[in-house]
Amino acid sequence: MFAKSLRRALCSLLGAAILLGSGISCAGYQLNLTQGATEISHKVYDLHMLIFMICVVVCLGVFAVLIYSIFTHRKSKGAVPASFHESTTVEIIWTTIPFLILVGMAVPATTTLLALENTDDPDMSIQVTGYQWKWKYDYLDDDISFFSTLTTPRDQIEGAAEKGENYLQEVDNPIVVPINKKIRFLVTSNDVIHSWWVPALGWKQDAIPGYINDAWTELKEPGLYRGKCAELCGKDHGFMPIVLIAKTQEDYDAWVAEQKGAKAAEAEAAGKTWTMDELMAKGEQVYTSTCAACHQANGQGIPGVFKPIAGSPIATGPVEGHINRVMNGKEGTAMQAFGAQLSDVDIASVITFERNSFGNNTGDMVQPSDIAAAR
Amino acid sequence: MSTATTHEGHHDHHPTGIMRWITTTNHKDIGTLYLWFAFIMLLIGGAMAMVIRAELFQPGLQIVEPQFFNTMTTMHGLIMVFGAIMPAMVGLANWQIPMMIGAPDMALPRMNNWSFWILPFAGTMLLSTLFMEGGGPAFGWTFYAPLSTTFAPKSTDFFIFAVHMLGFSSIMGAINIIATVLNMRAPGMTLMKMPLFVWTWFITAFLLIAVMPVLAGAVTMMLTDRNFGTSFFSAAGGGDPVLFQHVFWFFGHPEVYIMILPAFGVISEIIPTFARKKLFGYSSMVYATASIAFLSFIVYAHHMFTTGMPVAGELYFMYATVMIAVPTAVKVFNWTATMWRGSMTFETPMLWAIAFVFLFTIGGFTGLMMGVAPADMQYHDTYFIVAHFHYVLVTGALFAIIAAFYYWVPKWTGHMYDEKLGKIHFWWSAISVNVLFFPQHFLGLAGMPRRIPDYSLQFADWNMVSSIGGFAFGLAQVFFLYIVIKTIRGGEKAADQVWEGAHGLEWTVPSPAPYHTFETAPEIK
């Protein structure tokens, strides 16, 4: 793995040296900004290339003069210093020319910005909420709502297993959108500032607690696009990717129906009485995806930052206190109110799991109906 | 030499040993203290950068935990900005400004002592957070609320106090420089005859006085939010997390010019010396510096294009930001015109200065690209910006500081540095720094966010290249430490006029400069 990467790294270096001269693009890694998948992202890309080329031309011009001067006007070649040291005319010329170039650049920049920020008349709206460290999507027109968390296994991250192709860019529930619809995203946050970024859409939008920012997109082709959280949001900032799937209207409608069916099945599951084994199995899943980021897989937490579950007065004390803490969180800490995030089944099973794992053995069992009663 | 000997007679009763350094009010001693403090911080901050690059060498988590990784990026930024670059610039100012304007010392020598001696305590307090329960600050050097308030470790209060102290130190240093420049110039040295290094620092000092209190305000609001139940930055309490960013960047943007303007001054001293030709467009350089300083106050929200600012705000900040390219371009053109048809030699300081002009220009251009708001929607918070600000701060500010060291160290110590080692240091650094930072442009454009301890596989190759460059560049600065010590301990005796083409009052005094210079003011024609 290491030797291979090192060899590839050295090849990249060599490749880049050649590329800078020839401008060929090449597989394996990407040197330039993506063109993206929308009209806006193409405009942003074109603007990027325009300013990039202006910079390259001016830069090469200045560098050419400098390099010529360095090789010609040197004492060892007998150069005698000239005595000129000011010229108002020259100063005015080289103040005016950059100014005019900038004015020229400002025109396409302004039109692109206005188009990018025009969120009027959307066909549908999706609320995107950042959480430490996952995303929540609420389809405001369809009453669909779910969380999207990283699915890359821990042992790939820690190097115990070979890393998969989509290492750190895979999630359990991708956001699904229809093509040819103007979709407005309402971006906000539940805790700290995050930033929702899918490069193929051509923009990122900060998710800020107390604010609802909007942005929009309209995809033309079905496809799968990956993105990441772009604003430092704490420990697992690097581990909350975004996967966006664009579907044709037909497939999208089928997906919506499927989501609604799953919701009904969940309501049914909440009605039945669960066995200890079922609760423990489900609870472990919920714990791994929701709790382990802070409280750690072994329930020990991180001293001074995140409290342990193992032996904690809440997880071994009265059940009511435990339910209250999970559902309502603790203000002023990273412990969120999970009542609004998780289903009755999830909360019941994870509390059961926490009370009977990591050396905690209260023997308590919490049923979904207990959670429903506590709401 | 005779003036120096007579002075030594009745000034010899200053304390010796450690008390000399603790009680000193001499601008040269204090300059030395500042420079050593900055160098130690550079090495500590550099060690943190090595941890970062080592973790990013390969995908996966190998060396440190994510929380500690965030602490490293945070502390690396804070230490380099507040511990290395700013104190190094103040150190250069202390040594050079009195000598360049023909003054015997700084205007406020006791305050000068105090503004230095606050620093080691502030630095220690900042570093001590690493050993506290919960770890050090882990919210980035920009410490955005609410990550730095509600969600931060307990040690954050120590960080806040350290920032307050650093602010005191900077404000006092700035007051001292303004007082010195306005009151202590030798007769005949009008403002428009001052060396450019003095001019750039004079303007920088006003920036410092204007914005350090704003930073103090930001951290004070954080302090009360954290401990006394206020809600300046908490949406839940009716406050506004974006307010923090406005306050921070109103400080933060002028701050980047605080770090680069004195560097412009250094380069404007060095290039004419080795081109043996007067600086082209002296007055336009002064006006360009003042324009950049003015613009720095009215462009700050270009750091916040993705926060959901109204489109009118985005347009204004975009237009204002790209305007900075004009005076900056004027500076680069002036340096180029100074070199044009000069008679150049390429001693170590000149090499660093030329590298500055080339590499700072690259950093300036990427800055221009990011000023264009719609494109910044893609660039923002990626490795593209990491590459940008390292080009302006490392190959910009730091290269200028190193250039200044080689340029003036013969005057400070009386010894020539080893030219061969200086050139090795230069080429080693100049090559490795590009291997380190150039690939980060590719990473950013390809979509790698900043401040992540682990990344997906398409970023693996360039990260490895960047890390290799990083280790080589880090090692080069340890080599620099060897050169510094070697130069202080001995070396070829330096002449008073160290460089053939140098002009300025500092070259009229002996090398090493005596403890007190210009007790009788020189006459400037």
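Q: What counts as a helix or a strand in this predicted model?
A: A helix is a DSSP run of H or I with at least four residues, and a strand is a run of E with at least two. By that rule, chain A has ten helices and ten strands. Chain B has 16 helices and zero strands.

Q: What makes chain B as compact as a globular protein of its length?
A: The radius of gyration of chain B is 23 Å. The globule rule gives 24 Å for 525 residues. The two values are close, so chain B is as compact as a globular protein of that length. Its C-alpha atoms fill a box of roughly 70 × 50 × 45 Å along the principal axes.

Q: How does the radius of gyration of chain A compare with that of a compact globule of 375 residues?
A: Such a globule would have a radius near 21 Å, but chain A has 28 Å. The C-alpha atoms of chain A fill a box of roughly 95 × 50 × 40 Å, taken along the principal axes.

Q: What makes a residue count as buried, and what share does in each chain?
A: The cut-off is 20 or more other C-beta atoms within 10 Å of its own. In chain B, 64% of the 525 residues pass. In chain A, 36% of the 375 residues do.

Q: What makes a set of residues a nonpolar core, and which members touch the most others in the largest one?
A: Members must be buried, of a nonpolar type such as Ala, Ile or Phe, and joined through C-beta atoms within 7 Å. The largest such core has 264 residues. Ile85(B), Ile267(B), Phe356(B) and Ala403(B) touch the most other members. Helix 14 of chain B, residues 383–413, gives the largest share, 23 residues. In soluble globular proteins, nonpolar side chains tend to be buried together.

Q: Which residues are in contact with Ile267(B), leaving aside neighbours within four places in sequence?
A: Trp335(B), Ala353(B), Phe356(B), Val357(B) and Ala400(B) are in contact with Ile267(B).

Q: How do you know that strand 1 and strand 5 of chain A pair?
A: Pairing takes at least two bridges. Strand 1 (124–131) and strand 5 (183–189) of chain A have seven, in the parallel sense. So they pair by that rule. One of the bridges joins Ile126(A) to Phe185(A) in strand 5.

Q: Why are strand 3 and strand 8 of chain A called edge strands?
A: The open sheet has five strands in the order 3-2-1-5-8, with mixed pairing. Strand 3 (144–148) and strand 8 (213–217) each pair on one side only. The twist averages 25° from one strand to the next.

Conventions: Residues numbered from 1 in each chain as written. Chains lettered and ligands numbered in written order. Predicted model: local features only at pLDDT ≥ 70, side-chain atom pairs only at ≥ 80, totals over all residues. Rg over C-alpha atoms; globule rule 2.2 N^0.38 Å. Buried ≥ 20, exposed ≤ 12 C-beta atoms within 10 Å, placed from the backbone. Axes fitted to C-alpha atoms, helices over the stretch in contact; angles between N-to-C directions. Contact = placed C-beta atoms within 7 Å.
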